[in-house]
Amino acid sequence: MNRVLRATVVVASVALLVLACSKPSAATHVAGPILPPPNPSKVADKPVEDGFSGLVPGAPPPTRTVQDGDGGEIDNLAALAVSDIEQFWTGAYASPLKGKFAPVNDLFSYDSRYKNGMFCAADTHGVPNAFYCPVKGTNCPDDRPSPPGECTNSYNTIGWDRGVLLPEQRSSGGDMGVVVVLAHEYGHAVQRMAGLEIKDQASQTVGEQQADCYAGVYMRWVADGKSKRFKLSTGDGLTKLLSVMIGISDSLVTSEVSETMKRRLVHGSAFERVTAFQFGFDDGVAACAAIDQNEIKQRRGNLPKEFVEEGQTGEYLISPDSAKTLIEVMGKLFPLAKPPQLSFDPAFCPEARPNPTASYCPSTNTIAADMPKLILMGTSLARGAPFQGTGPLFGDYTAFSVLASRYMLAVQSQRGGLPLDNTNTGLRTACLTGVFTTKFAKPVTVASGASIALSGGDLDEAVSGILSNGQVAGDVNGQSAASVFARVDAFRSGVLSDEDTCFKRWP
Amino acid sequence: MQPVSIAFATSVAAAAMLATGPVAAATSQTDLADWLSRAALHIEAIHKAESEAYSVIARPGRIDDDKLKTSCGQLHDANEALRSVMPTPNPQLTVEVQQAIDNFDSASESCAEYFGAGDDAKLNNFWLLSRDAEQHLSSADTILVGLSPSK
């Protein structure tokens, strides 16, 4: 959230980018038909199941070698991933994709902690990322004690940072956290084969979303048990993978500050990335090929695009005071005859089990907030930096959205006639929290005279929480839908519609 | 509104956890939340100073020396304030945050040297060092995720 100075132009906004419907590819709004919600216990017509995700023991060896690698575990995992992705695309590359599938020319590994390395003719020092290089340039070894080789041609190659990025990805998302990065980069190679031309910022946006979509197509193949190297569970495995995927920004092959700033804007929001991935996961290659500027424009509707806020970090200190302020804001945007009381005591509630960080008790009309846990949930050390490194995505609104969702249970309780303890309740709650999120994009003045509003990254922070802990989509007992796609869909539905839609879609 | 101190809120929660859960885990989360609350303001000040410095550098035309000097000074001061709340309650977290502090320290030194020599390489160093510092903060976030079961 942002504090907004009174009598100044409002600088806060929220990235409201995608549509609200069960199938995100069809544009919708309040006036349109209310589509049935997605199955909360299935993903791609398969029951949601937790289980092993990652490299299968005894998997076939990689079919690709790595240039300038260190022969370590990370490079081996990356080579296995690319080999698997290529095996998939060899069989899956077909109409409506134009042309024929051809593997990328080479794989290149670097360590961003060392100087003088180059990938795609750009400095790799301090660049923890992975890339697809579509142009003729050079890939060069860095300044490790014994550089093993000469510079090579970068055309049609994939490169990655084995020193920082991939270990971080593995630490946060397990083996599949690494595989999804390379599936995304390979998606860029598939685009090139299919003839997508990246010539401006708009086509770059299309490119990023298609790459996420192609990653989704491949991951569905893995989730279907067709990969000999990797497994992905449709429960915790998929959730973890999406959580780490949204934490990665665009490939930044430049050290020019201004250029980097510009490129940040190309990076889609968490909504867009999850939606694009879901297109591919659910509907396959044709859905990815159908992503173009018009389709993205239609999905975004008239909503403002996320932007970098100069002079603002967008992060608001999580404290009892700010928690009270949030509840005050909610009271203004969703006035209730009996406003719920905010408590920092873990009070006993006869009809509901306590939730991990914040609970609503209908009989006492009290929201109980566990402040240390909320602070832990929403305080990021990296969020708000001008150039955030590679790591998990979370921030103040990851925690505040959970608190907001408990207020939305009070809204439902006082409306009457609705059960508060089932999966539908959780999804309705996520939807209503989305409605609040949109309303809170405009500054609200509270009793202290301060004016606050959401900041550019807040929506992503909420999506991150919905993916990783699901508490925003929790019912009064904290139980949420098993399907991660259903949870995100419900929140998205609220962000882009209104209260009525939430009550109609989840009666 | 009446301010409610963090100490009050955390002690209430800690008391509740003592009544219901394992002592060691509750203490660790409370200590961590307390440290985060103290560090967050300094972290915010660091990010703001960095953003302003980058904006000055990225603006087309001649660099506004006065503005850059102010931003780099603010970065130095905020970094020293963060140093004053070290160590964190977790050794691994301390390592990452300390490395970030060291890098920010070198970054603000590079910035100061730029004014002495007018050497653009110093600005490039400033940029690389602060980016390294941010990467350590991201790594610290990864550790925080591991320490917060409900995240």
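Predicted model: local features only at pLDDT ≥ 70, side-chain atom pairs only at ≥ 80, totals over all residues.

Biologist: Which domains does the assignment give for chain A?
Modeller: Domain 1 of chain A covers 2–16 + 309–505, and domain 2 covers 54–300. These bounds come from an automatic or database domain assignment.

Biologist: How many residues of the two domains are in contact?
Modeller: In chain A, 18 residues of domain 1 are in contact with 19 residues of domain 2. Contact means that the C-beta atoms of two residues, placed from the backbone, lie within 7 Å.

Biologist: Which elements give two or more residues to the domain 1 side?
Modeller: They are helix 13 (458–468) and helix 14 (484–495) of chain A. Helix 13 of chain A gives the largest share, 6 residues. Helices (H or I, at least four residues) and strands (E, at least two) are DSSP runs, numbered from the N terminus.

Biologist: How does that side of domain 1 divide into nonpolar, polar and charged?
Modeller: That side of domain 1 of chain A has 11 nonpolar, 5 polar and 2 charged residues. Ala, Val, Leu, Ile, Met, Phe, Trp, Tyr, Cys and Pro count as nonpolar, Asp, Glu, Lys and Arg as charged, and the others, Gly among them, as polar.

Biologist: Now helix pairs. At what angle do helix 1 and helix 2 of chain A pack?
Modeller: Helix 1 (residues 73–92) and helix 2 (residues 165–194) of chain A pack at about 40°, with their axes 10 Å apart. Axes are lines fitted to C-alpha atoms, for helices over the stretch in contact, and angles run from 0 to 180 degrees between N-to-C directions. Helix 1 and helix 2 of chain A are therefore oblique to each other. Angles under 35 degrees count as roughly parallel, over 145 as roughly antiparallel, 65 to 115 as roughly perpendicular and the rest as oblique.

Biologist: Which residues make that contact?
Modeller: Helix 1 of chain A contributes residues including Leu77(A), Ile85(A) and Trp89(A), and helix 2 of chain A contributes residues including Val178(A), Leu182(A) and Tyr186(A). By class, the contact of helix 1 with helix 2 of chain A has 15 nonpolar, no polar and 1 charged residues.

Biologist: What about helix 3 and helix 6 of chain A, how do their axes cross?
Modeller: The axes of helix 3 (residues 201–223) and helix 6 (residues 270–283) of chain A come within 6 Å and cross at roughly 45°. That makes helix 3 of chain A oblique to helix 6 of chain A. Among the residues in this contact are Tyr214(A) and Met219(A) of helix 3 and Phe277(A) and Phe281(A) of helix 6. The residues there divide into 9 nonpolar, 4 polar and 4 charged.

Biologist: And helix 11 with helix 12 of chain A, at what angle do they cross?
Modeller: The axes of helix 11 and helix 12 (residues 423–439) of chain A cross at roughly 110° and come within 9 Å. Helix 11 and helix 12 of chain A are therefore roughly perpendicular to each other. Their contact has 7 nonpolar, 6 polar and 1 charged residues.

Biologist: Switching to sheets. What is the strand order 13-15-14 part of?
Modeller: An open sheet of 3 strands in chain A has that order, with mixed pairing. Two strands pair if DSSP finds at least two bridges between them. Strand 13 (341–343) and strand 14 (358–361) of chain A each have a single partner strand, so one side of each is left without a neighbour in the sheet. Strand 13 and strand 15 (residues 366–369) of chain A pair in the parallel sense over 3 bridges. Leu342(A) is opposite Ile367(A) in strand 15 of chain A. Helix 11 (residues 396–415) of chain A packs on this sheet, touching strand 14 and strand 15 of chain A.

Biologist: Last topic: how many residues does each chain give to the contact of chain B and chain A?
Modeller: Chain B gives 45 residues and chain A gives 49. Helix 2 (23–58) of chain B gives the most to the chain B side, with 19 residues.

Technical notes: Residues numbered from 1 in each chain as written. Chains lettered and ligands numbered in written order.
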